[in-house]
Structures are given as C-alpha cells and as structure tokens.
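Visitor: I have just opened this one and would like a walk through it, please.
Guide: Gladly; ask whatever comes to mind.

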Amino acid sequence: MGAHHHGPAKGLSRWLFTTNHKDIGTMYLWFSFAMFILGGAFAMIIRAELFQPGMQLVEPAFFNQMTTLHGLVMVFGAIMPSFVGLANWMIPMMIGAPDMALPRMNNWSFWILPPAFLILASTLFMEGGAPNFGWTFYAPLSTTYAPPSVTYFIFSIHVLGLSSIMGSINIIATVMNMRAPGMTYMKMPLFVWTWLITAFLLVAVMPVLAGAVTMMLMDIHFGTSFFSAAGGGDPVLFQHIFWFFGHPEVYIIILPAFGVVSQIIPAFSRKPLFGYDSMVYATASIAFLSFVVWAHHMYTVGMPVAGELFFMYATMLIAVPTGVKVFNWVTTMWRGAMTFETPMLFCMGFLVLFTIGGFTGLMLSIAPADFQYHDSYFVVAHFHYVMVAGAVFSMSAAVYYWLPKWCGRMYNETMGKTHFWISFIGFNITFFPQHFVGLAGMPRRIPDYALQFADFNMLSSIGAFIYGASQILFLYNVIATIVAGKPTSDEKTWDGAEGLEWTVATPAPYHTFETPPQVK
Amino acid sequence: MTTHSSTEYEKYYVPEKSKMAVCATIGLILSTFGAASVMNDMTFGDGATTSSWGIFWFGLFFFSATLFAWFRTAIRENIAGLNSAQLKKSYVLGMFWFIFSEVMFFFAFFGALFYVRTLVGPWLGGEGDGGRMNHLLWEGFQYAWPMAQTPQEAVGLANQPVANMGTFQSYEKSMAFSDAAAWYLWLPMWNTIVLLSSSVTVHMAHMGILDGDKRKFNIWLGITVALGMLFVGLQILEYYEAYAHFGLTLNSGIYGSTFFMLTGFHGFHVIMGMTMLLIQWLRSVKGGHFTADDHFGFEASSWYWHFVDVVWVFLFLFVYIL
C-alpha cells in the first residue's frame, strides 16, 4: 500500500474517485464556471426583460424565479465553489503539504454539489415553478406563499451547507496541521490566512442557515409557528436568523478575494506586501465584526431604536479594517516596479471598484439614510460592485495568475487584456447607472418600472450583455491556453512572485511536496 | 507505531482512489430527494401512490452502508499502521470542528427561543416598541411563558391577519417545571439525572482505557450506552405524554415549536452519539480494538457524548426550568 502513484489514473474514474487536491480543485473550478454561465444566463433574461419598460419577454412570476435562482446559483454555485477550488489547488502548495488533510472527504465535499444544483435547477420544471421569493427567502414568502418546489430548495440548501462545512473543516485541518516545518502562522501567504478565517466563518454560520431552512420546513409541513405570528412566532425572526448567516456569508465570499489580491499585487509591484501583520489582523477583525452587524440588512423592518443604533455603529466600524486593507494594497504599489499584465489589471479593477462598493456600503450602513435606499436598485448596484468587481474580478485575476502553473502553458496576454477591458467597461455600464435609478426610487426585483427609469435601464442592459459576452471570451481564453497555449516550464512564471507554489515544477506535478520543504 | 520528528511528514497517508465519496453522494442525494418528495406528497399531494418513500429508504440504506464501509476502511488503515501522528491530529481537528458546527446548529434554535421569549412575545402582548400593533392585529392576546393561549386563539381563526396559515392551539399543560405536579413526578429531572450520569460513566470508561484496563472500559462504556438508551426511552415517554395527555403538539404555537424542535434535535443527536458509542463498545468487546494509547474512535465518540450532555444542560435550564 505504500507504493506511490506518480500520475493520475486514466478515464472518468480519475475524476469520480480521486483523492488528489489538484483534481478536486480543477473540478470545483470547472463546476463553478458552469454555474457562473447558468447564473449569468438567468441574469441575461432579467436584463432582457428590463431593457424597456412594460412586459416584453417573460411573465412576472417567471421573472421572480429568475432573480431568485440568479442569486442562489451565483452565491452558492459560482462564487463560493470557485474559491473552494482555488483553496484546494493552492493551499497545499502554498504551505508545503502533500495534499489536503482529509482527501476522501474532500472528494465527497465536491461531488455532492452538482446533484444538489441539479435538484435546485430542476425546480424550474416543477408544478408551481421554481422558488420565487428572492435569494434571501424571507418568510412568509418562502413559507405561506411558497410554491411546492420550496421543499426541494430547502433540501438542496442542506446539501450545499454540508458540502461547505466539510470543505471548511478540511481547510482548517490542512492549515493547522499540514504546514511544512518552519511555516509558522505569521509566515503563511495571505491567501492561506484569509481562507483559514473564511473556513472558520463557514463552519460557524452554515449550520445556522441549516437551522433557518429547517424551521421553514417545519412551518410548511409540520405545523410549527416559528415564522407565524398567529402561533406566537415572528416572520422577522426569519430575517434575524437568515442574516446572522447572511452577513458573515458576504465576508465568506470576499475574504478569499482579498487573499488573492494580496498575493498578486505584490508580485506585479515587485515589492513585499506592505503591512503583512496588519493585513492578518484586519482580516480577523472583519470576521469578528461580521457576527455583530447582521441587522443592518433589516433597518426598515421595525427594530427598536437601540438596535438600529448598535447595528449602525458596528457596521461603520467595519470600514476601519477594510480601510487598512485598501491602504496596504495601495502602499504596496507605491514606488514599486509595476507592470500591468492581465492578473494585475484585474486586481487594479478590483481595487477601484471594490472601494466604490465599500463606500456605497458605508452609505447604506447609515440607518436613517438606508430608509431611502432600502430595497432599491442602489442596493443592487452596491452588492454587485462587491460581488462581481470584488469576488469575480479577483477570481479572474487568480485564474490568469496561476493558470501557467496549473497547465504549463501561457495564456495570450492580448486576449487576457481584451477580456479585462471588456469586462471592466461592461461591468460599469451595467451597474453604475443602477446607483442613479436606485437613488431616484426604482425598487429591486420588479419586472416593470416607471418610464423615467427607461434610459438608464436600457444602458444597464446593454452593459450586461457586453459583460456577459466577455465571459465567453474568458472561457475561450482558458480553453485556448490549455489546448494550444505557449508551453512554459519556468518554475516562476512571474518574476516578482513569491511563495512555495513557485518553487515546484511547471506544470505542477500530480503530487507535490511528498517530502516537506524547509521554510526559512 | 509512529515515528516522530522530521520523518513524520513523509508518512502522511494520502489514500488511493476511493469509490466511497461517490457512493455516499448517491445515498445522500437519493435520501434527501426522497425525503423532500415524501413531504410534498404529504402537504401538496393528491393522495396518489408515489415511490417517494421507496427512494428515501433506498437512499438512506445506501448512505448508511457507505458510511459503514467508510469508517471500516478508516479503522483498518489505522490498524494497518498507515496513520502517522500527523494524520491522527487531522482526525482530531476534524472532529473538533465538526462538533463546533453542531454547536452552531443548536445556537440557531436557542437564538430563536431567546428572541421569541425576550422580544416577540412581549411585543405581541402589547409591550414595548413592537407592542403598538397589538390592538390592531392581536387584540386581547396576553403574553406569558409557557404561552397559555396563542395569538390566533385570542382573536379567533377568522379574524387573524391574512399572511398566516395553519391552526395553532395551545395545550392544557406544558413540560415546564411550573406545570409539574411534584418534582419527583417531573420526567425532565429524571432525564437530566440519567444523562449527566452517563457523562460520568463515559469518563470512567475513558479512565479505564487510559489505564489499559479493558474490563473496566467495557463495563463503563456498556453502562453509558444503557443510560443513553434509557434516556431515549424516557424522551419517548415524555413525547407520548405530551401528545396523549397534555395536548402539547408541534401545532401548539411557538412554545410547542421550540419545545419539540430543541428536544427533538437533541434527542436525535443523543441517538447518534449512542450509536457511535455502541459501535465503539462492539469494536472493543467483539473486535478487541483499542489500547491505552490508540483509541481515537472511542475518544471522538465520547467528546460527542459530552457535547450532547452540555446541550441538555442548556435545554434543561432554558426550556424546562426558566
């Protein structure tokens, strides 16, 4: 049993039965891209309907299903699994480990995802249609008024949660237990740090989400009254439980993105990351604060004033560690010998656009102002600046940055830059006008709107089609690189890159660090 | 069995390809899909015969069989000496964070209980910031815990606001200490005694295996499993009493909801923990497993058991006494 296999097995069984962190990482990345395309298709339907005022293409009920599934698929299917895939590929290589700590469970965490999404997507074809209550599935929309498919939605959320919890336990065990000799906590690459903290958040809040959907299930089928005032419960209770999960969730999405940017900006600035220690502490502070700010999503629900004030001030506090991060990234670039290859372009785009998203977040944190912004397109613009320009841009940066290491071939720089610029322009055309229509009073999640919003909405839809098309270019770039990219065997693809992953051969062999490196 | 210092890193056991993850996936997905279909048949179905139960049971069986094979493989690997000290630490970390995730699951339900008792209840009854709606929506509802009357009963089914469904009827008697006839007739107290004793006995078993005393280990572990079974039996009795004599059901408003969900999930976890301990007992008695320095399967199960106990202490305090 001690014999080492040095290459992967042939055929489908390699992927079905694998215990290799690189194979599993690859599957996660491809799966998340497939979900990105699916969720994107839903978004295109939304934007096509909103191209002009009035009802053109879809029924309002179907429109609601699209907004719901777009959110669910993008959050749980595209963004989260993509960063788990990145963690699988990179964390063992970054800390000098032979694999993830619990390799068989790792495979299981992945394989329960595709069927769970199959169940979720199949609700579209069920009687009564797919879930139509928004990705936040507030009661009583998701209980009293839900279509029957809600039951399948609940169980698919359970399975996704199980996948996330197992994946996170694996990452925590890997980081705490598998570091090479000499790799102390404060020498770990920041991507590893941000994922360690993210994994902690996931283990802490995914069970709470499981609790929330379990209460829904009981209310719907077994006559409990958690979210029904008639029995002494409260629909607002649902919102509290959901956002106790939901707010850490947004940091679960963005912290690994912070980690990616913290790897890439130093590489192309040819300087070490400015303020490494403060980056670690800032990440931990953001994670801690994320547990005590959840009700800022619910200012208009009728909370006591003391609650509004507490959650307002706690939310504003998050700007401090986030500011530390932005400051450190900018200062890392200060007087660096900078070059602007595609990964760096995406990181610069991230930096500018994420900061805009952060500032609109600060606007939304002010309770009295939020009474005006709440549930308007301003909120939609805000969180897409953070989710798309934050998480998805950094994910694109990560793919271009590590793709040569993964497959031993270099992507086409011109094509990469083209992808970036089309994305950047398309993204801003889509979402910048949404700030204005939101402030002018256009509510979110509606299939039709007042005439004065027509111009900006048409612009927004055009931008969305451009952004959507640029992702097809992304897919083309990645496939073209894997199939026909210029072969490279440089261990270090980027001359400014630091870290153990750049000390192994290119492309990365199937097994790396079977004997651990010594970290000085 | 284990080598230390620098060589332990070289021995990290990365298993070969394994079919178990895919089998576990098939079992899990079939059982969840089946469970969802069973519930939809029940609530939205037209009474026609479906294969939902069959899918559910097949999935559950397949899933359990896979888990059995999975754990058997892990145990055999350990016996074969494949597990380095480092891999064993990975298992320890895995178990610790798994229990942490379970703690957070209960946290959601306790959070719901606290929120309802400190804020929602008084608001519905007309107190404080949220109380202004009482005379508009639930006129005449007075809040108390345990809740003697649901808001629906206060205004009558026909007069309740539209966004509510179902009927919620309060009970004659709650499980709280205040409703008990006498302390020695109060079942939850006996439950507490049984479960807390089992925490002591599992600790005695742990002491036994640390001394290498297998006889002591087997006896105390056997007693622990027996106490666990007694606890589950008493819980079944309590539920029977609640439904048959107290009129306390899942439909009894938020008191019934929180009572049955908290004690029910706790009971489910007791059954899981008991099954884990039972398997360790069988491994020890029938298979001769475990030595003074290699008994992680037992140790992990005992941590789980202590966790279940601690949850009960909170339940006893916040669900039954206060």
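Visitor: Which helix is Ile265(A) found in?
Guide: Ile265(A) is found in helix α8 of chain A, which covers residues 235-269; helices here are DSSP runs of H or I with at least four residues, strands are E runs with at least two, and both are numbered from the N terminus. Please keep in mind that this is a predicted model, where local features need pLDDT of at least 70 and side-chain atom pairs count only at pLDDT 80 or more, while totals for chains, interfaces and linings use all residues. Residues are numbered from 1 along each chain as its sequence is written, and chains are lettered from A and ligands numbered from 1 in the order in which they are written.

Visitor: Okay, and is Ile265(A) buried or exposed?
Guide: Ile265(A) is buried, because 27 other C-beta atoms lie within 10 Å (buried takes 20 or more other C-beta atoms within 10 Å of the residue's own, exposed 12 or fewer, and partly exposed is in between, with C-beta atoms placed from the backbone).

Visitor: What is Ile265(A) in contact with, leaving aside neighbours within four places in sequence?
Guide: With those neighbours left aside, Ile265(A) is in contact with Trp329(A), Thr332(A), Met333(A) and Cys347(A), where contact asks that the C-beta atoms, placed from the backbone, lie within 7 Å. As for Trp135(A), which is 130 residues apart from Ile265(A) along the chain, 33 Å separate the two C-alpha atoms.

Visitor: Staying in chain A, how do α4(A) and α6(A) cross?
Guide: The axes of helix α4 (residues 103-111) and helix α6 (residues 150-177) of chain A come within 8 Å and cross at roughly 150°; each axis is a line fitted to C-alpha atoms, for helices over the stretch in contact, and the angle, from 0 to 180 degrees, is taken between N-to-C directions. The two helices α4(A) and α6(A) are therefore roughly antiparallel to each other (over 145 degrees counts as roughly antiparallel, under 35 as roughly parallel, 65 to 115 as roughly perpendicular and the rest as oblique). On the side of α4(A), the contact is made by Met105(A), Asn106(A), Trp108(A) and Ser109(A), and on the side of α6(A) by Ser163(A), Met166(A), Gly167(A) and Asn170(A).

Visitor: Now chain B: how many helices and strands has it?
Guide: Chain B has 10 helices and 0 strands, and its C-alpha atoms fill a box of roughly 75 × 50 × 40 Å along the principal axes. Of the 322 residues in chain B, 39% are buried.

Visitor: What domains is chain B divided into?
Guide: There is domain 1 (16-82) and domain 2 (85-119 + 177-322), with bounds that come from an automatic or database domain assignment. Over C-alpha atoms, the centres of the two domains of chain B are 24 Å apart.

Visitor: And at what angle do α4(B) and α10(B) cross?
Guide: The axes of α4(B) and α10(B) cross at roughly 15° and come within 11 Å, so α4(B) and α10(B) are roughly parallel to each other. By class, the contact of α4(B) with α10(B) has 14 nonpolar, no polar and 2 charged residues (Ala, Val, Leu, Ile, Met, Phe, Trp, Tyr, Cys and Pro are nonpolar, Asp, Glu, Lys and Arg charged, and the others, Gly among them, polar).

Visitor: How many residues of chain B are in contact with chain A?
Guide: On chain B there are 66 residues, in contact with 64 residues of chain A.

Visitor: Changing topic, which peptide bonds are cis?
Guide: The bond from Ala139(A) to Pro140(A) is cis, with omega near 5°, and Pro140(A) is placed in the loop between α5 (113-122) and α6 of chain A. The bond from Trp145(B) to Pro146(B) is also cis, with omega near -5°, and Pro146(B) is in the loop between α5 (134-137) and α6 (151-155) of chain B.

Visitor: Last one, what is phi for Phe513(A) and for Phe290(B)?
Guide: Phi of Phe513(A) is near 55°, and phi of Phe290(B) is about 80°, both positive in residues that are not glycine. Most residues other than glycine have a negative phi. Phe513(A) is in the segment after β2 (486-487) of chain A, whereas Phe290(B) lies in the loop between α9 (253-285) and α10 (296-321) of chain B. Phe513(A) counts as buried, with 21 C-beta neighbours inside 10 Å, and Phe290(B) counts as buried with 21 such neighbours.

Note on methods:
Two residues are in contact if their C-beta atoms, placed from the backbone, lie within 7 Å.
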